[in-house]
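Please read them with the structure open.

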Amino acid sequence: MGRALSARKVATLVGDFPRSPAYLGLADGLRVLIGDGRIGLGVRLPSERELTQALDVSRTTVTRAYETLRDQGYAESRRGAGTFTRVPGGLSRAHDRSLLPASAGRDAIDLNCAAPSAPPGVSEAFQRAAEHLPAYLSGPAYFPMGEPGLQTRIAASYEARGLPTTPDQIMVTSGALSGAAIVAQAFAGAGLRALVESPTYPNATQAMTHAGARLVPFALDPHGWDLDAFEATVRQTAPRLAYLVPDFHNPTGHLMPDAQRERLAAILAAGRVVPVVDEAHQALALEPGLAEAMPAPFALFSKSAITLGSASKAYWGGLRLGWIRASSEMMPRLMRARISLDLGSPVMEQLALSELFDRAAEVLTANRERLRTNRDALVAAVRENLPSWDFLIPKGGLALWCELPQPVATATSALAEQLGVVVAPGPVFAVEGGLNRFLRIPWTAEPEALIEATRRLAAAWEQVNAAPDHTSTAKRSRVLIA
Ligand SMILES: Cc1ncc(COP(=O)(O)O)c(C=O)c1O
């Protein structure tokens, strides 16, 4: 535990804090920084004397702030060594153990789930949201279409991307996945055929099959969408829906250019296929300048498109919020489907998300910066530790889709699990099996953890190569949520 934080760095991070009383303002500021990871865990805080000088406050202010942090479980004193950061309940408080395979140890690096921690600003958004809450307490506050202020902000975000949208075209859901389940339910019925990319985000396709859909896979090629093949598949199979992820596709990271969007929309219109466009990763453009120059929303080319949005990756998964954007004519049908599944999303979270939308530029910039740092660290670490693995560097999103020299991803991930890193092999994302040559590594951990993860993967890879029969490991069931 050699990490220590200088008093100057702490002063920069806490910035200006409320001074009535100052010790509480300082403690609150530090607690948020420790909670969201801007100050790491197990880090030694500066001595009281150093921090007193750096902040130009009284010694009592710092002493009482540290005391408050200790009482709240965000710091601990180690005799003779100083004050160290922690969070109540430890790191595992922010994880659901059921998402990790039973064989993974407690300190396994979890890269199964491609979802990052909260960016700076989420805690403050909830505090501001709480101030608005009393105005809602006089009614039941069920909002099956969404809290109107949030609907308005989401609609405005499409307007800003050049897609005219009114608030009544937005239904706030409990995440994009819930949006996919609502759409599938709205179209449910025997004989429903849904065209889906392969590989794809498996939970959304499961939502379709639960609604009775028969999946028609369309294979993505290493560089994206082959539209001649797509057109032929649409003609031959006549699907009713097409579930597409054109913006930093999960798991491949592909970004569909404008010209392809236009042609794909025309192919679907000719076949009377309703596009269901999942934009869960749309806000995660990581190349400098790309966020301002992203391809147009698919719905700009397709009036019938139903778009799914998510707050999970741009802001935070713990909000459990997303939305559906559809034509006003489509909304009553979606609304009927929605209320058969749930009656609306929590008001407090919707108010907090509105607060985040009001500071979107600042929050998203900070979020993209840290994700870019993580991505670049992962790319360098895979190149160094797994030089025979091949990948394209996605311009955004959350994961590297690695191609192994042999189809042994399942065996590699099974061994990696025993060595303390959990990753999802290609078959998890395949619609009809296969893709065992691929493995997804998300850059959702800090660089240090990503580097260690690739070392463990390299050890697993070496063992798989040394084994006489590494194809025998069967695909095992796994819970994947992102
Ligand atoms: C393409 C895609 N859609 C939907 C989701 C789930 O989003 P939400 O958390 O909003 O339900 C994910 C999560 O990784 C995803 O990758």
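Between which helix and which strand does the loop with Arg-272 lie?

1. Arg-272 sits in the loop that runs between α10 (258-270) and β8 (274-278). The model is a predicted one, and this residue is worth a look in it. Phi of Arg-272 is near 55 degrees, a positive value in a residue that is not glycine. Arg-272 counts as exposed because its relative accessibility is 72%, and the cut-off for exposed is over 50%.

2. Leu-435 also has a positive phi, of about 65 degrees, and is not a glycine either. Its place is the loop between β12 (421-425) and β13 (438-442). With a relative accessible area of 26%, Leu-435 is partly exposed.

3. One runs from Ser-20 to Pro-21, with omega near -5 degrees; Pro-21 belongs to the loop between α1 (7-14) and α2 (22-35). Another joins Ser-198 and Pro-199, with omega about 5 degrees. Pro-199 is in the loop between β5 (193-198) and α8 (202-210).

4. On the overall fold, the chain contains 16 helices and 13 strands. Its radius of gyration is 24 Å, which agrees with the value near 23 Å that a compact globule of 482 residues would have. Along the principal axes, the C-alpha atoms fill a box of roughly 75 × 65 × 40 Å. Of the 482 residues, 52% count as buried. Among contacts between residues at least 6 apart in sequence, 75% join residues at least 24 apart. The chain exposes about 21200 Å², and carbon and sulfur atoms supply 52% of that area.

5. The ligand has 15 residues around it, of which Ala-176, Asp-278, Ser-310, Ser-312 and Lys-313 come nearest. The shell divides into seven nonpolar, five polar and three charged residues. Two helices, α7 (176-186) and α11 (312-316), each supply at least two residues of this shell.

6. For Ser-310, a polar side-chain atom lies 2.6 Å from a ligand oxygen atom. Arg-320 places a side-chain N or O atom 2.9 Å from an oxygen atom of the ligand. On its own the ligand has 400 Å² of accessible area, and the protein covers 97% of it.

7. Arg-86 is in the loop between β2 (82-85) and β3 (109-111). Its relative accessible area is 30%, so Arg-86 is partly exposed. The side chain of Arg-86 reaches the backbone oxygen of Gly-73 at 3.0 Å. Apart from residues up to four places away in sequence, Arg-86 touches Ile-34, Leu-41, Gly-73, Tyr-74, Ala-75 and Glu-76. Glu-76 is 10 residues from Arg-86 along the chain, and their C-alpha atoms are separated by 7.0 Å.

8. Is Gln-151 buried or exposed? Gln-151 counts as buried because its relative accessibility is 10%, and the cut-off for buried is under 20%. Gln-151 lies in helix α6 (residues 148-160), and its side chain reaches the backbone oxygen of Met-145 at 3.4 Å. Leaving aside neighbours within four places in sequence, Gln-151 has contacts that include Gly-146, Pro-167, Asp-168, Ile-170 and Val-172.

Technical notes:
Residues are numbered from 1 along each chain as its sequence is written. This is a predicted model: local features need pLDDT of at least 70, side-chain atom pairs count only at pLDDT 80 or more; totals for chains, interfaces and linings use all residues. Side-chain values use heavy atoms; hydrogens and water are left out. A residue is near a molecule or strand if one of its heavy atoms lies within 4 Å of it. A polar contact is a pair of N or O atoms within 3.5 Å; within protein, one must be able to donate a hydrogen and the other to accept it, and residues adjacent in sequence count only if both atoms are side-chain atoms. Accessible areas come from the Shrake-Rupley method with a 1.4 Å probe; for residues, only the protein chains shown count as cover. Helices (H or I, at least four residues) and strands (E, at least two) are DSSP runs, numbered from the N terminus. Ala, Val, Leu, Ile, Met, Phe, Trp, Tyr, Cys and Pro count as nonpolar, Asp, Glu, Lys and Arg as charged, and the others, Gly among them, as polar. The radius of gyration is taken over C-alpha atoms; the globule rule is 2.2 Å times the number of residues to the power 0.38. Buried means under 20% relative accessible area, exposed over 50%, partly exposed in between (1.4 Å probe, protein chains only). Contact means heavy atoms within 4.5 Å.
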